[in-house]
Amino acid sequence: MSLNGKNPTKMSLNYQCPHCNGYIAIEGCVIFSIRTPDLKSGIISLHTELGNYSIKKNPEFEISTGDHLDFYCPICHAELASEVHQNLAKIIMIDEANREFEILFSRVLGERTTFKIVGETMEIFGDDSAEYLDFINLSFVH
Ligand SMILES: [Zn+2]
C-alpha cells in the first residue's frame, strides 16, 4: 500500500466520445471541437468535475453567453448531440469504478445544466437543469 496518494490499480475518471469511444479528457479538462452560430471554429475545454462550469479556450476564439454552440468530438468530429433535447450535448463518462454513465450538458454557453444518467437513475447538476427535466423524464418512458 502506497502512502503518497497513488494507487496504480484504481481507474481514473474518464470521458469518451459516444461515437468513436476516443478518450477526450486530459488532466481535468474535457476537450471539444466547437462551432459557433456564426460558423467560427475553435477548441474549448470543460472541467471534468460535474457541476464545475469553468471553460478554457483560446482568447482569440470569441464566444458569448447565450450562444448555442455545436459540440464535436475532437477525434472523429461526430456531433455530440443528445436525442433528448436540441440544447443538450451528450458524452460518456467512465468513473473510478469503471461504471459507464451518459452525461448530458447544455450547449448554450453560460447555462448550468448537467445530467449524469445510468439506466433509469440520474444525478442532476447545475442551477438551470430544471427546465430540461420533463424532456429527460419523458425519454425514460418507452
Ligand atoms: Zn469521436
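Predicted model: local features only at pLDDT ≥ 70, side-chain atom pairs only at ≥ 80, totals over all residues.

Visitor: OK, which residues are the protein donors of the zinc ion?
Guide: Four cysteines, each through its SG atom: Cys17, Cys20, Cys73 and Cys76, lying 2.3 Å from the zinc ion.

Visitor: And what's the geometry of the site?
Guide: Tetrahedral, with angles of 101 to 112° among the four donor atoms. For reference, the ideal angle for four tetrahedral donors is 109.5 degrees.

Visitor: How are the donor residues spaced in sequence?
Guide: The pattern reads C-x2-C-x52-C-x2-C. That links distant parts of the chain: Cys17 and Cys76 are 59 residues apart. Cys17 is in the loop between strand E1 (14-16) and strand E2 (25-26), while Cys76 is in the loop between strand E6 (70-72) and strand E7 (88-94).

Visitor: Is Cys17 buried or exposed?
Guide: Cys17 counts as buried because its relative accessible area is 0%.

Visitor: What about Cys76?
Guide: Cys76 is partly exposed, at 34% relative accessible area.

Visitor: Switching topic: how much space lies in the largest pocket?
Guide: About 360 Å³. Its lining has 28 residues, and Leu46, Asn52, Tyr53, Phe105 and Ser106 lie nearest the centre.

Visitor: Which elements give two or more residues to that lining?
Guide: Strand E3 (29-35), strand E4 (41-47) and strand E8 (100-106). E8 gives the largest share, three residues.

Visitor: And how do the lining residues divide by type?
Guide: There are 14 nonpolar, 10 polar and four charged residues in the lining of the largest pocket.

Note on methods: Residues numbered from 1 in each chain as written. Heavy atoms only, no water. Donors = N, O, S within 2.8 Å, 3.2 Å for Na, K, Ca; no water. Tetrahedral: all angles 85-135°; square planar, octahedral: opposite > 155°, others 65-115°. Helix = DSSP H or I, 4+ residues; strand = E, 2+ residues; numbered from the N terminus. Buried < 20%, exposed > 50% of the residue type's maximum accessible area, 1.4 Å probe, protein only. 1 Å grid on protein atoms, 1.4 Å probe; cavity = no way out; pocket = protein on both sides within 12 Å on 5 of 7 lines; lining within 4 Å. Points joined across faces, edges and corners; volume = space filled by probe spheres on them. Nonpolar A, V, L, I, M, F, W, Y, C, P; charged D, E, K, R; others polar.
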